[in-house]
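Trainee: I have a structure open and want to talk through it. Can we start with how contacts are counted?
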Amino acid sequence: MKKMIVQGGQQMSGEVTIGGAKNSTVALIPAAILADTPVRFDSVPNILDVHNLMLILKSMNVSSSFSHGILDIDPTQIQPNPLPGDAIRSLRASYYFMGALLGKFGRASVGFPGGDNIGPRPIDQHIKGFEALGAKVAKKGNSVEITTGPEGLQGARIFFDLVSVGATINVLLAAVKAKGTTIMENVAREPEIIDLATFLNNMGAHIRGAGTNEIRVEGVEHLNARNTHTIIPDRIEAGTYMAFAAAIGRGVLVKNVIPEHLDPFIAKLQEMGVTLEIDEDSVYIPGGDTLAPITIKTSPFPGFATDLQQPITPLLMKARGTSTIIDTLYPERIKHISEMTRMGGNIKSKDGMITVAPAKTLVGTTVEADEIRAGVSLVGLALMSQGQTTILKADNILRGYDNIVQKFHGLHVELRVLTAADELETE
Ligand SMILES: CC(=O)N[C@H]1[C@@H](OP(=O)(O)OP(=O)(O)OC[C@H]2O[C@@H](n3ccc(=O)[nH]c3=O)[C@H](O)[C@@H]2O)O[C@H](CO)[C@@H](O)[C@@H]1O
Ligand SMILES: C=C(OP(=O)(O)O)C(=O)O
């Protein structure tokens, strides 16, 4: 595992360009195996999740190459081989191979996924959807085995018991190749789901309603990529830089943003008193505002994203009073709290509510990035602190933040990522 070294007291200024959305990319890569042709994606983020998905593709004899944001995938020689356990466990979205393989071959055997340590993450709604399409689902050891009879997948009406991004995407990946019509109700409406549907429709799928709470799919036999799919900007990465810019910035322009995807987040920043100059595809944050405390309640899109409750926390510590956060999706998403407390943060969690009070003195120390957003929130707090912070398990941050060291460098902030080999060299 890598370490990130952050020197406190640095201020951000300049420009940062947001990369393609992690949560689109990790669905689009498994979706690519549904194609009968090679596929090309543009604006692909350089994150660990992408490299691990490429390893999974390789195990199925699907070649891929990634350079300068372009990812080429050739699924034409795909073999339904066993998938590598380590890579499957390295990220959450590996479970999208369940839906994609089911759509492609009518069967799938995929290990239980990993992903962020943010509390229980069941997959009962994914299974409910596969079963509704006529599949048989069995847990065998650490794997989920999904099979269909000779008639294959059949379109069906599915009402999800709760709104789940993962279940919506996974069942959609299977339904695009099912026979007949599938109607998915009470689905998630995240922009990443629209991005996936756009990619699949451009290959010949018939998906209507992505972005609303009902998706209707007419199954097709073949999907052929005809053009490059450009991935939408990462709204969570954008929100992270915006919050940090408001906390420690002296003029930061965040480029390649779709501001509408950040509406609830922007509304909360404005409620705090953060000045934002919003353009068509960029946001400028002058910084240096006097900030008011706020209350945040996370909810599925278009609500305030759970993935931004930790990145906004360092900013909340600069407000003149106590802010509160209720994470309705992941009440146990609190792995940052113990670490922030050790740095001098006045932050507590009780009865499902996080309270964030103004910080008096913040001092860098050694902390752990237990998961991606907890980890990145520690980067923000470290920059607000005195002295140096060492963030252990930094791989969790690199899972989802595209070229983070270079991007901070472009904002006049030095971060260093050390591998075990780097440390041996300096001893
Ligand atoms: C790769 C990806 O896109 N990850 C995102 C996705 O995760 P993920 O797709 O795992 O999150 P879901 O939308 O499925 O989870 C929402 C809620 O539903 C529950 N649930 C989900 C499925 C299920 O079968 N049963 C069940 O009870 C979960 O425990 C959670 O409380 O959406 C989350 C919520 O916006 C984000 O934090 C993650 O960044
Ligand atoms: C929870 C997250 O990711 P994943 O679902 O991939 O673990 C996240 O991106 O904040």
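Mentor: Two residues are in contact if their C-beta atoms, placed from the backbone, lie within 7 Å. Keep in mind that this is a predicted model.

Trainee: OK. Which residues of α1 meet α2, then?
Mentor: On the α1 side they are K22, T25, V26 and I29, and they meet D49, V50 and L53 in α2. By class, that contact divides into four nonpolar, one polar and two charged residues.

Trainee: And how are the axes of α1 and α2 arranged?
Mentor: They come within 10 Å and cross at roughly 5 degrees, with α2 covering residues 48-59. Angles under 35 degrees count as roughly parallel, and α1 and α2 are therefore roughly parallel to each other.

Trainee: How many residues of α1 are buried?
Mentor: Eleven of its eleven residues, so the helix is mostly covered. The buried set includes K22, a residue that also meets α2, and N23.

Trainee: Switching to the ligand. What surrounds ligand 1?
Mentor: There are 21 residues around ligand 1, and the closest are N23, Q125, S164, V165 and G166. The elements that give two or more residues to that shell are α1 (22-32), α5 (124-132) and α6 (165-175).

Trainee: What is the shell made of, by class?
Mentor: Eleven nonpolar, six polar and four charged residues.

Trainee: Where does ligand 1 lie relative to the domains?
Mentor: Between them, because domain 1 and domain 2 both give residues to the shell.

Trainee: What are the bounds of those domains?
Mentor: The domain assignment gives 3-19 + 233-426 for domain 1 and 22-230 for domain 2. Their C-alpha centres lie 30 Å apart. The contact between them takes 22 residues from domain 1 and 17 residues from domain 2.

Trainee: What is the domain 1 side of that contact like, by class?
Mentor: The residues that touch domain 2 divide into eight nonpolar, four polar and ten charged.

Trainee: Back to α6. How does α4 sit against it?
Mentor: The axes of α4 (residues 96-105) and α6 come within 7 Å and cross at roughly 10 degrees. α4 and α6 are therefore roughly parallel to each other.

Trainee: Which residues make that contact?
Mentor: Y96, M98, G99, A100, L102 and G103 in α4 meet I169, N170, V171, L173 and A174 in α6. By class there are eight nonpolar, three polar and no charged residues.

Trainee: New topic, T389. Buried or exposed?
Mentor: T389 is buried, because 24 other C-beta atoms lie within 10 Å and the cut-off is 20 or more. T389 lies in strand β22 (residues 388-392).

Trainee: What does T389 touch, apart from its neighbours within four places in sequence?
Mentor: V6, G8, M343, G364, T365, V367 and A382.

Trainee: Where is positive phi found in a residue other than glycine?
Mentor: One case is K393, with phi near 55 degrees, in the loop between β22 and α13 (395-398). K393 counts as partly exposed, with 17 C-beta neighbours inside 10 Å. Another is N186, with phi near 60 degrees, in the loop between β10 (181-185) and α7 (191-202). N186 is partly exposed, with 16 other C-beta atoms within 10 Å.

Trainee: Last one. What is the peptide bond from F301 to P302 like?
Mentor: That bond is cis, with omega near 10 degrees. P302 is found in the loop between β17 (295-298) and α10 (313-316).

Definitions and conventions
Residues are numbered from 1 along each chain as its sequence is written. Chains are lettered from A and ligands numbered from 1 in the order in which they are written. This is a predicted model: local features need pLDDT of at least 70, side-chain atom pairs count only at pLDDT 80 or more; totals for chains, interfaces and linings use all residues. A residue is near a molecule or strand if its C-beta atom, placed from the backbone, lies within 6 Å of it. Helices (H or I, at least four residues) and strands (E, at least two) are DSSP runs, numbered from the N terminus. Ala, Val, Leu, Ile, Met, Phe, Trp, Tyr, Cys and Pro count as nonpolar, Asp, Glu, Lys and Arg as charged, and the others, Gly among them, as polar. Domain bounds come from an automatic or database domain assignment. Axes are lines fitted to C-alpha atoms, for helices over the stretch in contact, and angles run from 0 to 180 degrees between N-to-C directions. Angles under 35 degrees count as roughly parallel, over 145 as roughly antiparallel, 65 to 115 as roughly perpendicular and the rest as oblique. A residue is buried if 20 or more other C-beta atoms lie within 10 Å of its own, exposed if 12 or fewer, and partly exposed in between; C-beta atoms are placed from the backbone.
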